[in-house]
Each structure stands twice: as structure tokens, then as C-alpha cells.
Amino acid sequence: MQENTQKENKLGTAPLGRLMVSLALPSVAAQLINILYNIVDRIYIGHIRGYGDVALTGVGVTFPIIMLISAFSAFAGMGGAPLASIELGKKDYEKAERILGNSAGLILFFSVILTLTFSIFKRPVLFAFGASEATIGYAEGYIGVYLVGTIFVQAALGLNTFISGQGEAKTAMLSVLIGAVLNICLDPVFIFVFGLGVRGAAIATVISQAVSAVWVVRFLTSEKSVLRLRRKNIRLQAEYIKKIAALGVSPFIMQSTESLVSITLNTGLQKYGGDLYVGTMAILTSIMQFIGIPAQGITQGVQPIISYNYGAGNKDRVMGAFFRLVSVTFTSMFLLGGIAVIAPHIYAGIFTNNKQLADLTAQVMPVYFLGFMFFGIQTACQSTFVALGQAKVSVFIALLRKVILLIPLALILPGFMGVMGIYRAEPIADFISVTTAATLFIITFKKVLREMD
């Protein structure tokens, strides 16, 4: 217990720069590895001889369902983990463990509902999401298997935040690393050796996520964890569910609206362009995930520091952590996004050997990513809102970019600009959203710091 207390206390006492690096680097690695689950699947699928381009488009149509499943895990995990970190800062271990238990209970509940719902209605849902007669078979084949592992995806993603939330970033990284390495090894076996195609990719993913989930649960029930997952705390209690929901709704909206955005973009591209244009979006979303990896990993690593020190009343450490955070997230996304704008063929060629699809993707990529280069500012502000428990402002910022701006623009602009209007909607929404988020953050952050005096 003493050893665990020392691990937890480092969030409030260790030199800030060194602490941020020690927590952020494993989190960045974990994010990179986690994204590889989907990206590696798409790279392998895109290179299947004879039908890889069509199969890639079909799997791309399943992205909204996958994102929605991840969104519910974020609701429970990212809604609960910052609250648990704040309670650790206050030395209230019992309440922190109740928050963990209630988050685990939510994950179990969501997994059952999502698996049943999407399994029953997957075909009409996939057509609504942009599938065509040419791609529906590949979309159904992939998501039908993937849904079997919903509980593993939810547990691996949702509960892992409680490992990083107690300062165990390396352990959290290993949780993802184990599954991802397994997935990378199993993908070619199931896809090519066993000849299972897209179903093989999904089987590899389910097995890998199951192994990750077992690792996470085993750690959280062991003596190595500051926070212990106990059966008695899994029973849902309204007191804690309300708090988790208030904070979890922001990351939920951020990820679930990604699903809604994907639906809007895919259906628009199918209407104004066809399957080839839908295929470009499958590649663009994968690249966007890749570009966001360093920023997302850094914010996950730094968020426990901000939450813990906010709970402990350490104003200087809260300020220092944020200013370092925003400088790193902005730099990383600006540089990686700049490559997409200046040299798009570098990214496009990774996902397909179909020249027509690669050329079209490279043509639209600079437009699509022009505003995303600056998104590191919003990423830092958004994660800090969550870390400080500022649920209302965080929810508004999450809604602004996608629901208020991007979706309406993607519906309106094609009427004037054709299919390119869909791609141009992204940078317009990004510029407005980043500016608004930065302005609101300056106002809110000053208020929070005054309250800490």
C-alpha cells in the first residue's frame, strides 16, 4: 500500500517536466498502438489482390459503428477516470474505487445493448451509413464479427483510463501494446493464409482486444493497482452515475459525433461522387487518426496530473502542466498535418495500390487537412476542461465543431460546390472551432485559477 501511495503522490510532487514526459510518452505509444488496430486492418485489406479497394470502402462504412462503440467506452472511462484522479488528490480512496466500479458497471451495460442492437439492424444501418450493393457484403462481413467482441473493446478502452489515471502510464501502454502486437501478427494469418479476407481481419481484432481486456481487468484487481476494481462497487449507484455522466458526456459527444460526421460525409460522397469517393474518406479518417495520435496520447498522459493537482489545490502545477501541454499538442499536429497538405501522396500510398483511388485521395487531402493543422490548440483546451471537471464548457466545444458546424456545412456546401464542398466543410469548421475553444478557455481557466486561491 505504501508503494502504491508513493506512485500516486508523484503526480503532486515529482518535477513537472520530467513527470509529463514519463506519463506522456507511454500514452503516446499507447495511442499509436491503439490506432494501429484499425489502420493495420485497413492497410492489409486495401492490399488484398483483386478486390482490396472495394473491400476497403466496405470496411470504411463500418467506421461509424466502431466509433460509437468507442464513444460509449469513453463515456464510462473518460467520465470516471478524471473524477477518480481528483478523489485520489483528496486522499479519498473509497470514493475513487466506487467511481471505478460504477464505470465498469456502465461498460457491461453498454456492451450488451450495443451488441444486440447493431447485430439485429446491421444491414439497414450500413446502407444508411453509405454502403452500396458492391460494398455491403464486405461491410457486413467485418462488422458482424467485430460486434462479437464489443465487451472486450469496451473493457480494454474504458477501464484502461483508470490505469493511466493513477499515474501508471507504462502499464496502460502495455495493456494496448499486447493486443496491438497480437493483432498485427494475426491479421496476415487470418486474411491471407486462412483466406478469410475482411472477416479474418475482424477475427484478429476481436482476439487481440480480448487479450487486452483480460490484462486490464487483471491489473485493476491486483495489489499493484492504487485503485482496485471490486465486485461490490460494480453495482450502479445514481450518485456516481450522474457525476460520471456529467463529465463523460463531453468525450462521448466528441467520439459519437465522429460517427455522425462519418455518416454524413459517406452518404454525401456516395450521392455526389460514388464508391471511389467513399473510399477516399476511409483513407482520410485513418490519416486523421494517425495525425492526432501524439496530441491525444500527450493529453491522456497529462490529464491525470492536472486532475490530481486541481483536487490537491496545487495551482502552479495546474498552470505549468497546461502551458506545456498546449505547446506540444499544437506543434505535433501542425507538423504532421503539414505533411498531409504539402506531400499528400506520402500518406495516400500507404493504404492502397489502386492508382485511381490513391491519386484522388492525394488530390482532396490538402483541402481536408488545412484547418486540422491547428487543432492541437483545441485538443489541449478540451482535455483540460475535462481534467478540471468543467463539463458544460467541454460539452459545448465538443458539439461546436462537428454538430453545429461540420455537419450542416457538409450538407449545404455540396449544393454550391459539388463533391468538393464536402471536403471543404472540414477546414472551415476547424478554424472556427479552434478560435472559439481558445477564447472560451482563456475566460474559463482564469476563473478556475481564481477559485483555487
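Me: What share of the contacts in the chain with a separation of 6 or more is accounted for by residues 24 or more positions apart?
Reply: The model is a predicted one, and a contact here requires heavy atoms within 4.5 Å. Taking the contacts in the chain with a separation of 6 or more, the part that comes from residues 24 or more positions apart is 82%.

Me: How many helices and how many strands does the chain have, and what is its radius of gyration?
Reply: The chain has 18 helices and 0 strands. For 453 residues the globule rule gives 22 Å, and the chain comes close to that value, so it is as compact as a globular protein of that length, with a radius of gyration of 21 Å.

Me: What percentage of the 453 residues of the chain count as buried?
Reply: A residue counts as buried when its relative accessible area is under 20%. Among the 453 residues of the chain, the share that counts as buried is 60%.

Me: At what angle do helix α11 and helix α15 pack?
Reply: Helix α11 covers residues 275–312 and helix α15 covers residues 376–387, and their axes lie 9 Å apart. The angle makes α11 roughly parallel to α15, because angles under 35 degrees count as roughly parallel. The two helices pack at about 30°.

Me: Which residues of α15 make the contact with α11, and how many residues of the contact are charged?
Reply: From α11 the contact draws on Ala295, Thr299, Gln303, Ile306 and Ser307, and from α15 on Thr379, Ala380, Ser383, Thr384, Val386 and Ala387. The residues of this contact divide into 5 nonpolar and 6 polar, and the number charged is none.

Key:
Residues are numbered from 1 along each chain as its sequence is written. This is a predicted model: local features need pLDDT of at least 70, side-chain atom pairs count only at pLDDT 80 or more; totals for chains, interfaces and linings use all residues. Side-chain values use heavy atoms; hydrogens and water are left out. Axes are lines fitted to C-alpha atoms, for helices over the stretch in contact, and angles run from 0 to 180 degrees between N-to-C directions. Helices (H or I, at least four residues) and strands (E, at least two) are DSSP runs, numbered from the N terminus. Angles under 35 degrees count as roughly parallel, over 145 as roughly antiparallel, 65 to 115 as roughly perpendicular and the rest as oblique. Ala, Val, Leu, Ile, Met, Phe, Trp, Tyr, Cys and Pro count as nonpolar, Asp, Glu, Lys and Arg as charged, and the others, Gly among them, as polar. The radius of gyration is taken over C-alpha atoms; the globule rule is 2.2 Å times the number of residues to the power 0.38. Buried means under 20% relative accessible area, exposed over 50%, partly exposed in between (1.4 Å probe, protein chains only).
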